Structure formats: structure tokens, C-alpha cells
Amino acid sequence: MSTSPPLLELRGLSKTFTERRGLSVQRVHALRGVDLRVHPGEIVALVGESGSGKSTALRLVARLTDPTGGELLFRGERVPLRSRASAGYRKQVQLIFQDPFASLNPVHRLGYHVLRPLLRHTKLGRAAADARVLELFEQVGLSPAAEFAARYPHQASGGQRQRVAIARALAVDPTLILADEPTSMLDVSIRVGILNLMRALKRERNIGFLYITHDLASARYIADRTLVLYAGQVVEEAESNELMREPLHPYTRLLLSAVPKPGGNILSPLAAKSGAPNLRDPGGGCSFAARCPEAVQRCKDVAPALAPLGGGRSARCHLIEPSRLIRPQATSGSAEPLSLVASR
């Protein structure tokens with residue numbers, strides 16, 4: 001784990017959405033007290049099922065949504081959460097969207113999408129900005145750059161469009177990039193190319209990444225650390241290789257049990273119940289207790305805290321204590337490389 005000061009830090013970040021149905025008001029607790037750190041030159045993955053709250057967390061960091069509670073710090077300074085983000089913050093924190101087909105305006109050429117942030121956020125003249133566009137296209141693997149810059153989005157593949165989106169994010173020299181499942185809508189054959197590009201940018205530019213994904217295989221491949229999110233709470237955090245090799249929380253083990261192995265086999269499934277957590281009324285116990293095959297009465301009555309386990313690792317489970325560590329058996333084969341051909 002990096003010893004440098006955090007680039008991004010979330011402290012108890014929460015988000016509750018309000019639904020009005022007639023005269024009644026219902027609250028959806030999408031995010032509940034999330035703590036997270038991203039250091040320069042580090043990729044942190046936030047993984048979980050649909051509805052776990054990972055995209056909500058990204059929207060809060062991107063300042064597209066206001067949180068209900070908690071703090072957001074960038075380079076050690078608190079970011080105002082009840083006002084529009086400053087131009088300086090938006091320049092330093094860039095976003096790569098999930099859908100490369102919807103993130104580019106179809107009426108403009110590809111080069112325009114990278115040129116616009118250069119003209120808006122830098123002091124480059126038009127000629128210098130045009131030259132910089134071509135440099136960025138070459139850096140993200142779009143060559144010949146002039147030819148790609150002259151194309152329209154419909155003349156590019158999904159992978160090429162996503163590289164344009166990455167070039168657009170790099171145009172203003174950000175220090176943090178928020179990647180919202182950037183490979184989930186791409187063909188399997190080109191996913192690794194996008195992930196390798198992100199790893200190269202991390203190494204060469206010391207950029208921090210918050211990588212949102214449901215795919216544990218890609219999280220292991222690209223991320224230094226992984227946080228597992230369930231029902232708006234972090235249930236486990238560890239270095240990515242360690243977490244995949246020995247998952248401790250039952251929910252993490254459940255996620256890993258569905259990841260395809262290189263040989264084509266699925267790891268032994270766990271006897272967990274299906275269903276979704278109740279985000280409107282989380283109750284007083286563990287949010288995963290209703291699905292957990294190992295839950296005891298204490299799990300249903302008392303909410304577990306996120307407890308440190310040493311070595312930068314933590315977990316939110318009553319059964320994971322020094323005297324009663326869960327040693328996973330169903331996923332004992334997870335030490336083998338996980339396939340990037342994970343199902344969506």
C-alpha cells in the first residue's frame with residue numbers, strides 16, 4: 001500500500017434518495033458510511049452487484065450528485081459538497097463513462113471531443129491544441145491520428161470510441177480518473193487492451209484511478225486494492241491479489257464463486273439465497289444475513305462494524321474474528337488466474 005498522502009479520500013460518505021408516492025415518503029439508503037482512499041499512481045477497484053451503490057459513489061466523487069452525509073477530501077482539502085464543483089476540481093478529476101457509444105456526440109468528429117477540453121481548460125492556441133489532439137490520439141493507440149480525428153463516432157468501433165474517451169480525459173492532465181465500468185460494453189477480445197492502457201497511464205503519469213466494476217476478474221488484473229460493496233456498505237477491503245486468493249467475507253466468496261476459470265469451469269457455487277437487500281429499511285442486523293449460508297442469530301440482530309484485520313485488510317462480518325477466521329473452502333481454487341472473459 002502506498003505511503004504517500006491520499007489523492008482522494010472519502011470519510012463516511014452517504015447518500016439517501018427520497019421517493020414520494022402520493023402522500024408517503026420513502027427513503028432509499030444507496031450509500032452508507034463509505035470510507036475509501038486513492039493514492040497517486042494507484043488503481044482502487046470498487047466492486048459489487050448491480051444496486052450495491054458503486055455507481056452512486058462514483059457520481060458523488062464526480063460531483064454529479066450531492067451526498068447526504070460524510071466528507072470528500074481531494075489532496076487533503078475538503079471539497080464543498082453543497083455547491084457546484086470548481087473548474088479546478090473538474091480539471092483534476094476526469095470521468096470515463098461506461099457506454100462508449102453514448103458518451104460521444106454523433107454530430108461531431110472524434111477530434112472535436114478532445115479539442116474542446118483543451119480550448120476550455122488550457123491556454124493553448126488553436127494550432128497548438130490541434131497538434132495536441134493528434135499527440136493524445138497516438139498516446140492512446142489511435143494511429144494514424146489524423147485519420148481517426150477526422151472520423152465521426154459511427155465510423156469507429158466501441159474500443160476505438162473508448163480510447164477517444166480516455167484521450168479526452170487525459171487532455172487536461174488530470175491526477176484522478178473515475179472509470180465507470182469502462183470495458184463492460186466492449187467485446188471480450190479488446191477489453192484487455194483498454195485495461196493495459198489504464199495500467200500504463202497509472203505507471204507513466206502517476207494517475208490515480210477509481211475503477212468501478214462488477215467483474216472481479218478485471219479488478220484482480222488491474223487494481224492494486226479492491227473494496228467490495230454490498231447494500232451501500234464496504235464489506236471487505238484488501239490488496240486485490242490477496243482478496244482473490246483468500247476471500248473472507250461470505251459475499252466476496254459468493255461473487256468469486258461465479259467467476260469463470262481459464263479452463264472453462266465455474267468455481268463451486270455457494271449455497272447462498274438469491275434476492276436483493278432492503279435498501280428502504282436496512283434494519284438493525286447485517287444486510288447480507290438473509291442471504292448468507294453461515295449467518296447466526298447475532299448476524300440478524302446486530303450490525304457488524306468494518307473491522308481491521310491487519311495488513312491494510314478489513315471486513316464487515318461477525319464470523320471473521322481472530323478466534324474464528326473463515327478459511328474459504330468453496331473458492332480454494334481462486335488462487336489460479338481468473339479469466340477476463342467474465343459474464344456480464
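**Before you start.** Residues are numbered from 1 along each chain as its sequence is written. In this predicted model, local features need pLDDT of at least 70, side-chain atom pairs count only at pLDDT 80 or more, and totals for chains, interfaces and linings use all residues, while side-chain values use heavy atoms, with hydrogens and water left out.

**Show the whole protein.** Colour by secondary structure and you will find 11 helices and 12 strands (DSSP runs numbered from the N terminus: helices are H or I with at least four residues, strands E with at least two). Of the 344 residues, 51% are buried (under 20% relative accessible area, 1.4 Å probe, protein chains only).

**Select 188–205.** Buried residues here include Arg191, Leu197 and Lys202. Just after H7, step to asparagine 206, whose phi is positive, about 60°.

**Now select Arg90, Gln94, Pro117, His121 and Arg168.** Of the 24 residues lining the largest pocket, these lie nearest its centre (on a 1 Å grid over the protein atoms alone, a pocket is an open set of points where a 1.4 Å probe fits, with protein on both sides within 12 Å along at least five of seven lines; lining residues have an atom within 4 Å of a point). Helix H3 (110–121) is one of the elements giving two or more residues to this lining, and its 6 residues are the largest share.

Terms used. Buried < 20%, exposed > 50% of the residue type's maximum accessible area, 1.4 Å probe, protein only.
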